[in-house]
Amino acid sequence: MLRLPGTYRAQGDTALLAGTLTRRGAVAGARVLDVGTGGGALALAAVRAGARSVTAVDLSLRSVASARLNVLLHRAPVRVLRGDLFAPVRGRSFDVVLANPPYVPAETDVLPRHRPGRSWDGGRDGRAVIDRICDGVAAVLVPGGRLLMVQSALADGEATVERLQRNGFTAAVVARADEPFGPVMRARAEALRARGLLRPGQVHEELVVVEATAPAPAPAPQGSDGGFESVA
């Protein structure tokens with residue numbers, strides 16, 4: 001995978017989500033949207049897993065450039081778009097949405113715009129982008145479509161499940177893995193311990209994958225020619 005400076009490096013969270021989508025057969029034959037694609041690793045994983053079509057979106061110009069280079073390098077049929085979450089695909093529908101959003105708790109709720117930190121900063125509780133995905137994904141999913149999203153347990157995976165359920169989804173944590181702290185978590189460990197988010201001496205974080213299924217449409221009422229006897 002090629003990676004321009006300033007582009008998120010695919011790590012354990014990407015590997016966990018890629019393995020989950022393959023193991024659960026989530027994308028075979030599906031129209032897939034990869035939100036926050038970074039260098040395009042998940043989009044390419046979806047192609048390898050048999051997706052019918054793949055669209056990848058990222059807000060960062062460098063990430064979009066990296067993803068397009070990797071798509072060309074792997075000769076993969078992926079369309080890469082620049083924009084904020086679902087805005088570039090407004091009016092389109094997908095069978096599966098993949099997401100590896102920023103989720104590391106930060107000192108402030110003001111998210112960086114023009115620094116690499118926007119690939120991982122998730123606001124004070126780590127949920128600034130996660131909650132936007134939970135609230136907006138229904139607009140781009142077909143009825144019965146699925147969201148697969150990876151995040152740290154520090155950003156409260158159960159809160160993600162509950163928020164999706166409030167939005168009408170069936171949701172659950174379907175995969176977990178312990179990941180050694182990377183450079184960002186090591187740099188923030190003391191601050192996160194001071195806030196009670198990490199235990200003394202903790203050097204691993206739990207990653208979780210949340211799967212959510214959009215509600216299917218209610219069956220249409222049957223008319224007089226749909227099996228009911230007409231009454232004169």
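## Basis of the values

Because the model is predicted, local features need pLDDT of at least 70 and side-chain atom pairs count only at pLDDT 80 or more, whereas totals for chains, interfaces and linings use all residues. Residues are numbered from 1 along each chain as its sequence is written, and side-chain values use heavy atoms, with hydrogens and water left out.

## The α4 and α5 pair

Helix α4 (residues 128-136) packs with helix α5 (residues 157-166) at an angle of about 25 degrees, and their axes are 9 Å apart; helices (H or I, at least four residues) and strands (E, at least two) are DSSP runs numbered from the N terminus. Axes here are lines fitted to C-alpha atoms, for helices over the stretch in contact, and angles run from 0 to 180 degrees between N-to-C directions. The angle therefore makes α4 roughly parallel to α5, a label for angles under 35 degrees, while those over 145 count as roughly antiparallel, 65 to 115 as roughly perpendicular and the rest as oblique. The crossing of the two helices is right-handed, meaning that the near helix is turned clockwise from the far one by less than a right angle, with anticlockwise giving a left-handed crossing.

On the α4 side, the contact (heavy atoms within 4.5 Å) is made by Ile130, Asp131, Cys134 and Asp135, and on the α5 side by Thr160, Arg163 and Leu164. By class, three of these residues are nonpolar, one is polar and three are charged, where Ala, Val, Leu, Ile, Met, Phe, Trp, Tyr, Cys and Pro count as nonpolar, Asp, Glu, Lys and Arg as charged, and the others, Gly among them, as polar.

## Residues around the helix pair

Threonine 160, in helix α5, counts as buried at 0% relative accessibility; buried means under 20% relative accessible area, exposed over 50% and partly exposed in between, with a 1.4 Å probe and protein chains only. Leaving aside neighbours within four places in sequence, threonine 160 is in contact with Arg127, Ile130, Cys134, Met149, Gln151 and Val210.

Alanine 155 is placed in the loop between β5 (141-152) and α5, and is likewise buried, with a relative accessible area of 0%. Beyond four places in sequence, alanine 155 touches Tyr103, Asp125, Gly126, Arg127 and Ile130.

Not counting residues up to four places away, valine 32 touches Val27, Ala46, Ala51, Ser53, Val54, Thr55, Phe94, Val96 and Leu98.

Leucine 98 is found in strand β4 and is buried, with a relative accessible area of 0%. Leucine 42 is 56 residues away from leucine 98 along the chain, and their C-alpha atoms are separated by 7.6 Å.

## Two positive phi values

Most residues other than glycine have a negative phi. Arginine 75, in the loop between α3 (61-74) and β3 (78-82), has a positive phi of about 50 degrees and is exposed, with a relative accessible area of 80%. Leucine 85, in the loop between β3 and β4 (94-99), also has a positive phi of about 50 degrees, but counts as buried at 11% relative accessibility.
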